[in-house]
Amino acid sequence: YIYPSVNHAEAGEKWGGSGFLVGVPSEAHEDWNYIYCITNQHVVRPMQSPVIRLNTSDGSNDLIELTPDDWIYHQDGDDLAACPIAFRNPSYYKYSMIHPTMFITKETVDQQRIGLGDEVYLVGRFVNHQGQQQNTPVVRFGNITMADTQLIRNEWGLLQESFLIETRSLSGFSGSPVFLFISPLDVAPADYGEREPRTWLLGVDWGHMRSFESVLKPHDNP
């Protein structure tokens, strides 16, 4: 979980967003990973002192205090932010990492025929019941609703390549990892080429498509 201050994190306040960890393998040391926290740019950029709250192996939580300068923002303006994390004692924390081999690519989308109707789920922070002593994320489910990626305008006015999905989501899930799940039963006949049953990181939840309707009085009067 990501909070705007230590006080917010300690109290479990309903502010901030979600994030996840990516482990990038070291090229020099076989068993080493460089750990990065990934979230949205719009989650951390307004914060004066972003705080990451992680679960610990003893059933509690620990805080990692950061500054806005610790974060690296996407060079093209996409709603992404990354921050390197150095654990003093990795065994103290209860965590898992996403390996870059799980990242979906354009080639994978074509080879596995990813698109309309495929199942997705996201793991994030339900701010109305998020856990006070430990992070207790929830999972929400949905489907890809358009066959191809779309250029959707983000809050800075930039067109950002995105998958449009239909799922239940609320404030607090910003920065959540969104996974694509191909089950062993969800494969095409051999004539069309087999799909590989597995889980991919589809992307990062960055926003909602809002639909506004006029408020009407009886008999459709505005």
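This is a predicted model: local features need pLDDT of at least 70, side-chain atom pairs count only at pLDDT 80 or more; totals for chains, interfaces and linings use all residues.
The structure holds 5 aromatic pairs, a pair being two rings of Phe, Tyr or Trp (its six-membered ring) whose centres lie within 6.5 Å, with planes under 30 degrees apart counted as stacked, over 60 as edge-to-face and the rest as tilted. Tyr-92 and Tyr-93 form one that is edge-to-face, with 5.2 Å from centre to centre and 75 degrees between the planes. Tyr-92 counts as partly exposed because its relative accessibility is 33%, whereas Tyr-93, at 9%, counts as buried; here buried means under 20% relative accessible area, exposed over 50%, and partly exposed in between (1.4 Å probe, protein chains only).

Residues are numbered from 1 along each chain as its sequence is written, and side-chain values use heavy atoms, with hydrogens and water left out.

Rings also meet charges, where a charge sits over a ring if NZ of Lys or CZ of Arg is within 6 Å of the ring centre and within 35 degrees of the ring normal. The charged end of Arg-45 sits over the ring of Tyr-73, 4.0 Å from its centre, and Arg-125 lies over the face of Tyr-1, at 5.4 Å from the ring centre.

The bridge partner of Tyr-73 in β7 is Ala-81, and 2 bridges join β6 (residues 72–73) to β7 in an antiparallel arrangement. Strand β3 (residues 33–39) also pairs with β7 in the antiparallel sense, over 5 bridges, and Ile-38 has Ala-82 as its bridge partner there. Of the 5 residues of β7 (residues 81–85), 4 are buried.

Elsewhere, 3 strands form an open sheet in the order β1-β4-β5, with antiparallel pairing. Because β1 (2–3) and β5 (61–65) stand at the edges, each with a single partner strand, one side of each is left without a neighbour in the sheet. Between β1 and β4 (residues 51–55) there are 2 bridges, and the partner of Ile-2 in β4 is Ile-52.

How values were computed
Two strands pair if DSSP finds at least two bridges between them.
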